[in-house]
Amino acid sequence: MNEQIGQLSMSQAHALLSTPLPGRPAAITGMEYEARLERARALMRDGGADALLVTAGASLRWFSGVPWGASERLVAMLLTMQGDPVLVCPAFEEGSLDAVLKIPVQKRLWEEHEDPHALVARTLAERGARRLALDPEAAFRIHAGLRRHVQADAILDAQPVIDGCRMRKSAAELALMQHACNITLQVHRLAAGIAREGIGSDELVRFIDNAHRVLGADGGSTFCIVQFGHATAFPHGVPGVQRLREGELVLIDTGCSVEGYNADITRTWSFGRAGGEQVRIWNLERAAQQAAFDAVRPGVACEDVDRAARDVLEAAGLGPGYRLPGLPHRTGHGCGLAIHEAPYLVRGNALPLAPGMCCSNEPMIVVPGGFGVRLEDHFFVTATGAQWFTPPSIAIDCPFAD
């Protein structure tokens, strides 16, 4: 097709996947983990909490290095104002826990027939803590289990503590996110390169997954959406395998993680000559994305960045609001150890941006019954504005800046 789309055979693309991408940054250090705990304690104090309970998931990994997802068995870190954090964990998992912990902890192990919520309550009493800030991602069964042993009015929302800790990334976190973005952008380049008439969306998904793995991501793709033609009008796609045809738009939204830190990049480009309306909408999308980026600086409210993108679209007759044709969702979301996390660039969010915050910038345009265009790159807030992790697309037939 051209120098960026359809120019590679499958064997040529695989030849470019011989080694991991160089320059992988160092993992988060023990000193940084300790600083995170102290930051949490300061925010707990500000919010009137004596303890913080962080359950399995992204926040537990952020505080302790434990990369486990949530299950029906309680795994959690209890942080109080003094002393080492306490890790509550099933006894049979102790060896696995020791293998992944990045901080010194006291362990409170429970057997299968025991109530781990009672164990949490006893530990709170031992440390003289009454008011417990509970991870907002905790399952309802955890809240219900705690209420059997802790007074309901003593359980607080830990959202201000969790978000206050995780929203502003350190230099080490930014470096890991940058490397993940570098990997995913290279995967996008190769995926565009192997596009051909009749290729299946499933074949591209498999290629993208393998490419992420070979280039050094934690595993394969953390997620992957590949859509052609009319399917691009659905923000998260439709089921089934599609076959690529001349003149269709291609939307690929994918990402990977490095030491748990995520990339999330979308490219939309034309396979063959684009129609006039496709070009018009693509150019509006790119203009809206740039307007959002240009609006970013410390102290600006998240909702004002969303408004900047919508102003471009509404001036062109799209919308207003979430009405279609137009932008059916928020302009962006935070990203880090979770693909979607605070802060969110959405109407009604008056939170002021601050240096170190990271967000996607993806003011997608949907034309119902026709097609959709989403360009998604991430930025982080600097002292004076914003900086891209990845350079935005150039044109509908030139999805990469280099």
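Let's start with a side-chain pair: Arg-24 and Asp-218 are joined by a polar contact of 3.4 Å. (A polar contact is a pair of N or O atoms within 3.5 Å; within protein, one must be able to donate a hydrogen and the other to accept it, and residues adjacent in sequence count only if both atoms are side-chain atoms.) The Arg-24 side chain also makes a polar contact with the side chain of Glu-259, at 3.3 Å. Bear in mind that this is a predicted model, where local features need pLDDT of at least 70 and side-chain atom pairs count only at pLDDT 80 or more, while totals for chains, interfaces and linings use all residues. Numbering runs from 1 along each chain as its sequence is written, and side-chain values use heavy atoms, with hydrogens and water left out.

Where does Arg-24 sit? Look in the loop between α1 (10–15) and α2; helices (H or I, at least four residues) and strands (E, at least two) are DSSP runs, numbered from the N terminus. Beyond its neighbours within four places in sequence, Arg-24 is in contact (heavy atoms within 4.5 Å) with His-179, Gly-216, Asp-218, Val-258 and Glu-259. His-179 is 155 residues away in sequence, yet the two C-alphas are 6.4 Å apart. Arg-24 has a relative accessible area of 38%, so it counts as partly exposed: that label lies between buried (under 20%) and exposed (over 50%), with a 1.4 Å probe and protein chains only.

Next comes α2 itself, 18 residues covering 30–47. From first C-alpha to last it reaches 26 Å, close to the expected 26 Å, which is 1.5 Å times one less than its number of residues. Its buried residues include Tyr-33, Leu-37, Ala-40 and Met-44. An α-helix has 3.6 residues a turn, so residues three or four places apart point the same way. The buried residues of α2 pack against several elements, among them β1 (51–55), α3 (58–64) and α8 (171–193). After the helix comes Gly-48, with a positive phi near 80°.

Gly-48 is also one of the contacts of Leu-156, a residue of strand β6 (155–157).

Leaving out residues up to four places away in sequence, Met-77 touches Leu-37, Leu-52 and Phe-63, among others.
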